[in-house]
Amino acid sequence: MSLTMNKEELTEYLAQVFPQVHKDFVVMDLTDDSIRMRLVVEDRHLRPGGTVSGPSMFALADVCVYSMVLARKGQQSLAVTTSSSMDFLRKPAGGADMIAECRLLKLGRTLAVGDVLMYSEGQEAPVARASMTYSLPPAGSAAAAFG
């Protein structure tokens, strides 16, 4: 399946339907198979000890998979997270942006499953891994047409 939105269209749509978070997350690269996003790390994303907080990393993973689903399925803004698992592998750098790389493992009619690796910018080893499952609104429903 190919993209239904390019990088610019996706960025514009996220700003429209998700204005509370779109400024924190930047779509870096988008292909048919993957998306790379950046979390612009600020003080509010840090926890005591100067490291990026778990909730901030969860948000990055969640927005990354959501964005990949949108890019592939189109403007289905009511797709919702139904399951999540996250492994924290090492301490992220507090003074660096977070980079997430997502690929969809499954994109069906009612479910999407994505895998995300997260890195501190400038480091090769991932700091976290997340698996996210989304429920998709039925095609033709009012929820699918929202946007």
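Tutor: Let us begin with burial: a residue is buried under 20% relative accessible area, exposed over 50%, and partly exposed in between, with a 1.4 Å probe and protein chains only. By that rule Y66 and Y134 are both buried. This is a predicted model, in which local features need pLDDT of at least 70 and side-chain atom pairs count only at pLDDT 80 or more, while totals for chains, interfaces and linings use all residues. Residues are numbered from 1 along each chain as its sequence is written, and side-chain values use heavy atoms, with hydrogens and water left out.

Student: What makes F18 partly exposed, and what makes Y66 buried?

Tutor: The relative accessibility of F18 is 22%, so F18 counts as partly exposed, whereas Y66, at 8%, counts as buried.

Student: How do you know how many disulfides the whole structure has?

Tutor: A disulfide is a pair of cysteine sulfur atoms within 2.5 Å, and a search of the whole structure finds 0 of them. For C64 the closest cysteine sulfur is that of C102, at 4.6 Å, which is too far for a bond.

Student: Why is the pair of F18 and Y66 called edge-to-face?

Tutor: Rings of Phe, Tyr and Trp (its six-membered ring) pair if their centres lie within 6.5 Å, and planes under 30 degrees apart count as stacked, over 60 as edge-to-face and the rest as tilted. The count by this rule is 2 aromatic pairs. In the pair of F18 and Y66 the centres are 5.6 Å apart and the planes stand at 70 degrees, so the pair is edge-to-face. This pair links distant parts of the chain, 48 residues apart, with F18 in the loop between helix 1 (7–17) and strand 1 (25–30) and Y66 in helix 2 (residues 54–73); helices (H or I, at least four residues) and strands (E, at least two) are DSSP runs, numbered from the N terminus.

Student: What makes the pair of Y66 and Y134 tilted?

Tutor: The centres of Y66 and Y134 are 6.1 Å apart and the angle between the planes is 35 degrees, which gives a tilted aromatic pair. Because Y66 lies in helix 2 and Y134 in strand 8 (residues 128–135), the pair ties together parts that are 68 residues apart in sequence. F18, Y66 and Y134 form one aromatic cluster.

Student: How do you know that strand 1 and strand 2 are paired?

Tutor: Two strands pair if DSSP finds at least two bridges between them, and 5 bridges join strand 1 to strand 2 (residues 34–39), running antiparallel. These strands form a hairpin with 3 residues between them, and L30 stands opposite I35 in strand 2. Strand 2 also pairs with strand 6 (residues 98–107) in the antiparallel sense, over 6 bridges, with R36 opposite E101 in strand 6.

Student: What makes strand 1 and strand 5 the edge strands of the sheet?

Tutor: The open sheet has 6 strands in the order 1-2-6-7-8-5, with antiparallel pairing, and strand 1 and strand 5 (80–88) are its edge strands, since each pairs on one side only.

Student: Which residues does S135 touch, leaving out those up to four places away in sequence?

Tutor: Contact means heavy atoms within 4.5 Å, and S135 touches A79, V80, T82, T110 and L111. S135 lies in strand 8 and counts as partly exposed, at 25% relative accessibility.
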